[in-house]
Amino acid sequence: MNVGKTRRLKKIMQKDNRTVIVPMDHGVTIGPVQGITNMQNITNQLLKGKVDAILVHKGIAKRIDVDGAGLIVMLSGASNLGPNPNGKVQVCSVGEALRLGADAVSVHVNIGAQDEDKMLANLGKVSEECEHYGLPLLAMMYPRGPKITNEHAVEVVAHAARIGAELGADIIKTNYTGNIDTFKTVTESCPAPVVIAGGPKCKSKQEVLQTTFDALKAGAAGLSIGRNVFQCENPTQIAKALSAIVHEGATVEQAQKILGDKL
């Protein structure tokens, strides 16, 4: 790995080789939903919660101050209003992300989707450019498409994660498979660090904490969770609780105390 990429990764992956990332690229996909209407306000709350990195699209990256946290710029986009929401296209270049001060970039690939071939070609191209410029690449690798009956099944999640690593990503974001044993299959068969996605809003904060704790036991390198953080009534506290699990080895019970909630 080149020197520039190593240095930038240190802003995202801490000394324990783990990370807490909060993606807030949802404005393109599903619109300005609750929690991300005022981007600097939510960013400030997350910085107080000691997140390691924030992931946004280029227009937001121009307008917010992430202070000392890592800045990841999303290169892919598609809205849920279009005829092919699973077909992500490139909406920002690696060069533009660098000019915005990005510490890393991200590409979204839906494995099994109609336009999988185009998304894979784009991932390969971006991977090459990132290597050239010394910029880390986070690949969001999701199994989604006509042949995918369960997006959390270990076989398809492991396959999607492995594709991202095979094509040069430095960090893989993918679905949690639901339990420690199956997710071990994903992490052990992927040569790049794997972080879990949050998916739709969970039923409870305890579910988010437990999923994170279990994923780490299975070998995950952390998390990249959006709505289950920025849509909480207290994003700062949930960020602190998740960071305690990821970086301090806190139990779910200890993390719950940070929230001030009873089990």
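Predicted model: local features only at pLDDT ≥ 70, side-chain atom pairs only at ≥ 80, totals over all residues.

1. Nonpolar cores. The largest nonpolar core comprises 73 residues. Met 24, Leu 75, Met 141, Ile 172, Phe 183 and Leu 209 have the most contacts inside it. Apart from this core lies another, of 16 residues, which includes Leu 9, Ile 171, Ala 197 and Ala 221.

2. Surroundings of Met 24. When neighbours within four places in sequence are left aside, Met 24 is in contact with Ile 36, Met 39, Ile 42, Thr 43, Leu 46, Ile 54, Leu 55, Val 56 and Phe 230.

3. Gln 231. This residue is located in the loop between helix 10 (227–230) and helix 11 (235–248). Gln 231 counts as buried because its relative accessibility is 17%, and the cut-off for that class is under 20%. Beyond the neighbours within four places in sequence, Gln 231 is in contact with Val 33, Gln 34 and Lys 201.

4. Pro 191. The loop between helix 8 (180–188) and strand 9 (194–197) contains Pro 191. With a relative accessibility of 66%, Pro 191 counts as exposed. Residues up to four places away in sequence not being counted, Pro 191 touches Arg 162 and Ala 165. The C-alpha atoms of Pro 191 and Met 141 are 14 Å apart in space, the two residues being 50 residues apart in sequence.

5. Salt bridge of Asp 103 and Lys 11. The structure holds nine salt bridges. In one of them, the side chains of Asp 103 and Lys 11 meet at 3.6 Å, N to O. This pair links distant parts of the chain, 92 residues apart: Asp 103 belongs to the loop between helix 5 (94–99) and strand 6 (104–111), and Lys 11 to the loop between helix 1 (3–9) and strand 1 (19–23). Asp 103 is buried at 10% relative accessibility, whereas Lys 11 is partly exposed at 34%.

6. Salt bridge of Lys 58 and Glu 96. These side chains meet at 3.2 Å, N to O. Lys 58 is in helix 4 (residues 58–61) and Glu 96 in helix 5, so the pair ties together parts 38 residues apart in sequence. The relative accessible area of Lys 58 is 28%, making this residue partly exposed; Glu 96, at 19%, is buried.

7. Arg 162 forms a salt bridge with Glu 166, with 2.9 Å between the closest N and O atoms. Because Arg 162 and Glu 166 are four residues apart in helix 7 (residues 154–166), about one helical turn separates them. Arg 162 is partly exposed, at 36% relative accessible area, and Glu 166 is exposed, at 54%.

Methods: Residues numbered from 1 in each chain as written. Heavy atoms only, no water. Core = buried A, V, L, I, M, F, W, Y, C linked by side-chain atoms within 4.5 Å. Buried < 20%, exposed > 50% of the residue type's maximum accessible area, 1.4 Å probe, protein only. Contact = heavy atoms within 4.5 Å. Helix = DSSP H or I, 4+ residues; strand = E, 2+ residues; numbered from the N terminus. Salt bridge = Lys/Arg side-chain N within 4 Å of Asp/Glu carboxyl O.
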